[in-house]
Amino acid sequence: MLHFEEYPSTDLIYLSREDVRRAFADVDVISVVRDTVMRHAEGRTLLPEEAYLGWTAPDGSAARSLAMPGGIDTGAGQQLGLKVINASLGNPARGLARAQGLLLLFDEELAWPRVMMEAARISAFRTAAVTAVAALELAPVPPRRLAVLGCGTLARTHVQLLSEVLALESITFHDIEPERSRALAETVAGDPDFAGCAVQAAPDAQTCVKDADLVVPVTVTTRGYLRPEWFAPGTVIVHVSLDDALPEVVEAAGLVVVDDWGLVSHDHRRLLGRMYREGRLRGPDGRYAEGAEQRPGARKVDGTLGEVLLGTGPGRPADTDLVLCNPFGMSVLDVALGSAVADSAERQQLGLRVPR
Ligand SMILES: NC(=O)c1ccc[n+]([C@@H]2O[C@H](COP(=O)([O-])OP(=O)(O)OC[C@H]3O[C@@H](n4cnc5c(N)ncnc54)[C@H](O)[C@@H]3O)[C@@H](O)[C@H]2O)c1
């Protein structure tokens, strides 16, 4: 008979949205993310391919679940975990967030899940932190004029985090739904933390980006619309939503960096993965995709953000060059940030002990 005595009654710690919010107060998100991006470039992470489950929701919206495992060797041990992040494009019309998820952290010794936490805040802030690190590292001078395309959760997170590390003179928003960009511009303009920063909503994407030195697309588009001639010289584009740029932007950029070429190249849905399959883009090793038509003169991906941070990757482009950073989104950042949040929660004695 099975009595399961080998399963002692250890608890699982559950951190709710509010626990995660409170634990965040103690965490330096940007330095956790910066360190992890560098550890990844040093080969001290485990980053398997993610699993993608896509379906059509009963309301006809595209829905998906991503399972993203990752591990980091911190020198003092390994942080291991799995983020599950699900989204339905129908949610915003219901007044609900598009995406929601859970992050599990594993015990290094026993391998058992140890902590489970609400993942939306971690996912949004680790993404904005990559943008902050990229902006500070890749721009010729720290950017001051921010353009944000798409005005949902990621837009708000970016504005909050970027304003903490950049002396922003202006923020311009554009959303395909004009009332969303108007509403976000009004909220930010009315926030005393943004006094002295010119905040506006632009009627179209071209107007939004034309005077910016940092452009962050955080839309849900699957069709490119950003043209290279729209950008001022030296602009840094952090292509968070991965499909806003047209291939010509990639080809015109003086520097193209990714977070992880394996993730980008295995994906066939997003712009860079598609260009690679079409033989229109080569990997950082100069190679074409297997079986792709090898188009002469196809642009090469220059390297990773982590290599730039370590000083082992591509050098600086000319100050007037367009820079494209294409962060696919690495699970190791969720696991590292989640681990810092779990440590902070433990210090603050936050969380619910759930019996197994
Ligand atoms: N690369 C990464 O690491 C990473 C991480 C998290 C999220 N993301 C991506 O960021 C994007 C934004 O996420 P979110 O949670 O803020 O979504 P959201 O649904 O809250 O907001 C998206 C906004 O974009 C607007 N929009 C859609 N198409 C547009 C277009 N063509 N031009 C201008 N605006 C447009 C929508 O009206 C909406 O207001 C998603 O595509 C998501 O997959 C990327």
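Student: Which residues does Val257 touch, not counting residues up to four places away in sequence?
Tutor: Let's start with what we are looking at. This is a predicted model, in which local features need pLDDT of at least 70 and side-chain atom pairs count only at pLDDT 80 or more, while totals for chains, interfaces and linings use all residues. Residues are numbered from 1 along each chain as its sequence is written. Two residues are in contact if their C-beta atoms, placed from the backbone, lie within 7 Å. By that rule, Val257 touches Asp302, Gly303, Thr304, Leu305, Val308, Pro314 and Cys325.

Student: Where does Val257 sit, and is it buried or exposed?
Tutor: Val257 belongs to strand 13 (residues 255-258). Helices (H or I, at least four residues) and strands (E, at least two) are DSSP runs, numbered from the N terminus. A residue is buried if 20 or more other C-beta atoms lie within 10 Å of its own, exposed if 12 or fewer, and partly exposed in between, with C-beta atoms placed from the backbone. Val257 counts as buried because it has 26 C-beta neighbours inside 10 Å.

Student: What order do the strands take in the open sheet of eight strands?
Tutor: Strands of a sheet pair through backbone hydrogen bonds, either parallel or antiparallel. Two strands pair if DSSP finds at least two bridges between them. In this open sheet the order is 10-9-8-11-12-17-13-16, with parallel pairing. At the edges are strand 10 (198-201) and strand 16 (303-304), each pairing on one side only. Further in, strand 12 (residues 236-238) pairs with strand 17 (residues 323-326) over three bridges, in the parallel sense. There, Ile237 stands opposite Leu324 in strand 17.

Student: How many bridges join strand 8 and strand 9?
Tutor: Five bridges join strand 8 and strand 9 in the parallel sense, and Ala147 has Thr172 in strand 9 as its bridge partner. Four of the five residues of strand 9 are buried, so strand 9 is largely enclosed by the rest of the structure.

Student: How many residues of strand 3 are buried?
Tutor: Zero of the six residues in strand 3 (residues 51-56) are buried, and this strand is hardly covered. Strand 3 pairs with strand 4 (residues 62-73) in the antiparallel sense over six bridges. One of the pairs to look for is Thr56 with Ala62 in strand 4. The two strands form a hairpin with five residues between them, and Gly60 in the turn has a positive phi of about 90°.

Student: Which residue other than glycine has a positive phi near 75°?
Tutor: That is Ala111, found in the loop between strand 6 (99-106) and strand 7. Ala111 is exposed, with 9 other C-beta atoms within 10 Å. Leu242 also has a positive phi, about 70°, although it is not a glycine. Leu242 lies in the loop between strand 12 and helix 7 (247-252) and is buried, with 21 other C-beta atoms within 10 Å.

Student: Which residues of helix 1 are buried?
Tutor: An α-helix has 3.6 residues a turn, so residues three or four places apart point the same way. In helix 1 (residues 17-24), the buried residues are Asp19, Val20 and Ala23. They cover an arc of only 100° around the axis (taken from the directions from the helix axis to the C-beta atoms), which puts them on the same side of helix 1. These buried residues pack against strand 1 (11-15), strand 7 (113-118), helix 3 (120-138) and helix 11 (331-347).

Student: At what angle do the axes of helix 1 and helix 11 cross?
Tutor: Axes are lines fitted to C-alpha atoms, for helices over the stretch in contact, and angles run from 0 to 180 degrees between N-to-C directions. Angles under 35 degrees count as roughly parallel, over 145 as roughly antiparallel, 65 to 115 as roughly perpendicular and the rest as oblique. The axes of helix 1 and helix 11 come within 8 Å and cross at roughly 90°, and the two helices are therefore roughly perpendicular to each other. Asp19, Val20, Ala23 and Phe24 in helix 1 meet Val341, Ser344 and Ala345 in helix 11.

Student: How do helix 3 and helix 4 compare, in axis distance and angle?
Tutor: Their axes come within 9 Å and cross at roughly 45°, and helix 3 and helix 4 are therefore oblique to each other. The contact includes Ala124, Phe125 and Leu136 of helix 3, and Leu154, His158 and Val165 of helix 4. Helix 4 (residues 153-165) also lies across strand 8 (145-149), strand 9 (170-174) and strand 11 (214-217), running at about 165° to strand 8.
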